[in-house]
Amino acid sequence: MIFAGGVGITHQVPFVRDLVAGYASGTVAARKVILVWVIQSPEHLEWIRPWMTTILAMDKRREILRIQLFVTRPRSTKEIHSPSATVQMFPGKPNVDTLIEMESENQVGAMGVSVCGTGGLSDDVRAAVRKRQGVRNIDFSEQGFTW
């Protein structure tokens, strides 16, 4: 699972691209990649449109990648629409603990969780992972940004 908050997506996109490409070529062990990106408005999708367009067109992408976009400050609920079953949009902030629990309940083998975002998002992801370590095989990676 790969979590990004706002511009934290710039750190996570290369990992998503490499995991999807590696899956298609049979060079990575990953069987599922979940990208959870928290943004304030749908306009923020423009930040990475060229990169995401490339990823969405990759071979076997639908077999491995699911994208969940959480829009915390939509101007209208009409802005929130899911373009496909593998790319879904939701209003509000994600319940990180629930998302990680849903994936860890069905995990096969090891699970990796990465986060790059605000302190609050990182705290939530870290707490959810720590709660499951020792019970499940789950690794955690955190990248922070501040000013």
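## Burial criterion and model

A residue counts as buried when its relative accessible area is under 20%, and as partly exposed when that area lies between this limit and 50%. The structure discussed here is a predicted model. Under the criterion above, Trp-37 is buried, because its relative accessibility is 1%.

A search of the whole structure finds two aromatic pairs. One of them joins Trp-37 and Trp-47 in a tilted arrangement, with 6.3 Å from centre to centre and 50 degrees between the planes. Trp-37 belongs to strand E2 (residues 33–39), whereas Trp-47 sits in the loop between E2 and helix H2 (49–56); the pair therefore ties together parts that are 10 residues apart in sequence.

## The stacked phenylalanine pair

Phe-70 and Phe-90 form a stacked aromatic pair, with a centre-to-centre distance of 5.1 Å and an angle of 25 degrees between the planes. Since Phe-70 lies in strand E3 (residues 65–71) and Phe-90 in strand E4 (residues 87–91), this contact ties together parts that are 20 residues apart in sequence.

Phe-70 is classed as buried, at 8% relative accessibility. Phe-90, at 29%, is classed as partly exposed.

## The nonpolar surface patch

Trp-47 also takes part in a nonpolar patch on the surface, together with Val-7 and Phe-145. The accessible area of these residues together is about 270 Å².

Definitions and conventions. Residues numbered from 1 in each chain as written. Predicted model: local features only at pLDDT ≥ 70, side-chain atom pairs only at ≥ 80, totals over all residues. Heavy atoms only, no water. Phe/Tyr/Trp six-rings, centres within 6.5 Å; stacked < 30°, edge-to-face > 60°. Helix = DSSP H or I, 4+ residues; strand = E, 2+ residues; numbered from the N terminus. Buried < 20%, exposed > 50% of the residue type's maximum accessible area, 1.4 Å probe, protein only. Patch = residues over 30% accessible without salt bridge, like charges linked within 9 Å, V, L, I, M, F, W, Y side chains within 5 Å. Areas by Shrake-Rupley, 256 points an atom, 1.4 Å probe, with all protein chains shown as cover. Salt bridge = Lys/Arg side-chain N within 4 Å of Asp/Glu carboxyl O.
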